[in-house]
Amino acid sequence: MDVRPLRVPAYRRLWIGNGVSMFGFQLTAVAVPVEMFALTRESFWVGLLGIAGFVPLLIFGLWGGAVADAVDRRKLLLASSVLMWLSTGGLLLQALFRVGSPVLLLGLVAVQTTAFAVSSPARQAIIARLLPTALVPSANTLGYTTSTAGGVLGPLAAGLVFSAGPVEVVLPVAYGVDALLFTVSLWATYRLPSMPPLDDGGSPRRAGLASVVDGFRYLATTPVLLLSFAVDIIAMVLAMPRALFPEVAQERFGGGSAVGWLFSAIAIGSVLGGLTSGWISRVRRQGLALVCAVVGWGLAIAAAGLARQLWLAVLLLAVAGAADLVSAVFRQSMLQVYAPDRLRGRLQGVNITVVAGGPRLGDLRAGSTAAAFGVGVAWVGGGIAAAVLALLLGLLFPALARYRAPQPDDEDAGAGAGDPRPGAAAGQPGAAAG
């Protein structure tokens, strides 16, 4: 792995805080659907958690991106992180007192997702201010790898927790560990340097609807970014099977720790992919690599849905996770480098709506499809559909496949001839297509 970004103290603290807190967050990510399934015995209710998460992401992710471009990003990240910590505390309290309300569970997930939606654009937009452009792909790889390492250990730990006793007894342990470890992320955010908007000589920035519209207007003029969002939506909405994990773990693999293995399998693959990711920063055809990774994700997910042995399902989900790491790093790097700083918060708001909202819509799709046609159709059919549509998108709209990452000499020379992006003549770092 390329660890040069860790030489920058501010990034190193952010990386540590995110990595440690992700372990606890993954405990909650398993505990919430397990609790919902235990309360209702229906995957449909588990799928409704996707709606509880998607609506706040859609509204507050876009608004949070606009705010991130108008205020000090450190202050915004700190305030929204406190709200996220409080919502985790609410999950802990309802588990301790055994309230047993699916509606309350949906409400707490909505509050937690609101805080996540506001904080994420600022968190991602900060990276390009902390590091030189050449280190952004490596920083994203480090971030995804350590986060997914938490995604491995967290669900595995959750599997051990839930195999230790009845669900209602062990739930407070999962939520309590999350609340405790998230304080490390709060510390890391507090130690970040001030990050006010850059003075670009333009008009004062405001966090209103017009600011959000400006971000969409820019996105509409950049087919590369627009298509990168489209392939991610295809991958997550059609091929994310996690809403099916509680039912499959119980009915196909005998329950117990199986649910932990299923929830951690994708993250296992992402970690292994990250540990061998030194090649990623050397790839220039990032758009083509993104399309290939999404096709690989869909096919691996479909194959995992056919597996009747737990080890085989975990292995195939891990292959999907490695493909997901590659697609995530390229998509995030393209967005951070291609967009000017004055728009990064708003575009990260769109990005978090897509990246985090897509799986939640995928939860709803998987749960409702399973209720209507069975788990097999919901899982396998979704993976095949995602692979086919991603391939068609890459063939019908070649702008994404032609995208090439900028090189240091591109940045030194400024925007080259034929660069179609608004503001390219002002020397914004970007990429040449074709």
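How many helices and how many strands does the chain have? The chain has 16 helices and 0 strands, where helices (H or I, at least four residues) and strands (E, at least two) are DSSP runs numbered from the N terminus.

A word on the ground rules before the tour. This is a predicted model, in which local features need pLDDT of at least 70, side-chain atom pairs count only at pLDDT 80 or more, and totals for chains, interfaces and linings use all residues. Residues are numbered from 1 along each chain as its sequence is written, and side-chain values use heavy atoms, with hydrogens and water left out.

## The chain as a whole

Of the 434 residues of the chain, 57% count as buried. Here buried means under 20% relative accessible area, exposed means over 50%, and partly exposed lies in between (1.4 Å probe, protein chains only). Contacts (heavy atoms within 4.5 Å) also say something about the fold: among those between residues at least 6 apart in sequence, 87% join residues at least 24 apart.

## Helices H1 and H2

Helix H1 spans residues 9-40 and helix H2 residues 43-68; their axes come within 8 Å and cross at roughly 140°. Axes are lines fitted to C-alpha atoms, for helices over the stretch in contact, and angles run from 0 to 180 degrees between N-to-C directions. The crossing of H1 and H2 is right-handed; a crossing has that hand if the near helix is turned clockwise from the far one by less than a right angle, and is left-handed if anticlockwise. On the H1 side, the contact is made by Val32, Pro33, Met36, Phe37 and Thr40, and on the H2 side by Ser43, Trp45, Val46 and Leu49. By class, this contact has 7 nonpolar, 2 polar and no charged residues. In this scheme Ala, Val, Leu, Ile, Met, Phe, Trp, Tyr, Cys and Pro are nonpolar, Asp, Glu, Lys and Arg are charged, and the others, Gly among them, are polar.

Gln94 sits in helix H3 (residues 73-96). With a relative accessibility of 3%, Gln94 counts as buried. Leaving aside residues up to four places away in sequence, Gln94 touches Glu35, Val99, Leu104, Leu105, Leu108 and Tyr175.

Arg98 belongs to the loop between H3 and H4. Its relative accessible area is 54%, so Arg98 is exposed. Most residues other than glycine have a negative phi. Arg98 has a positive phi of about 50° although it is not a glycine.

Ser119 is part of helix H4 (residues 102-130). Its relative accessible area is 1%, so Ser119 is buried. Residues up to four places away aside, Ser119 touches Leu77, Ser80 and Met84.

## Salt bridges

Which salt bridges turn up? A search of the whole structure finds 3, a salt bridge being a side-chain nitrogen of Lys or Arg within 4 Å of a carboxyl oxygen of Asp or Glu.

| Pair | Closest N and O atoms |
|---|---|
| Asp2 and Arg4 | 2.7 Å |
| Arg331 and Asp232 | 3.0 Å |
| Arg242 and Asp363 | 3.0 Å |

The salt bridge of Arg331 with Asp232 links distant parts of the chain: Arg331 is in helix H12 and Asp232 in helix H8 (residues 223-239), 99 residues apart. Arg331 is buried at 4% relative accessibility, and Asp232 is buried at 4%.

Arg242 is partly exposed at 26% relative accessibility, whereas Asp363 is buried at 7%.

Ser264 lies in helix H10 (residues 258-275) and counts as buried, with 0% relative accessibility. The C-alpha atoms of Ser264 and Gly154 are 7.5 Å apart, although the two residues are 110 residues apart along the chain.

Helix H12 covers residues 310-338, 29 residues in total, and reaches 41 Å from its first C-alpha to its last. That is close to the 42 Å expected at 1.5 Å a residue, the expected span being 1.5 Å times one less than the number of residues. Since 22 of the 29 residues of H12 are buried, the helix is largely enclosed by the rest of the structure.
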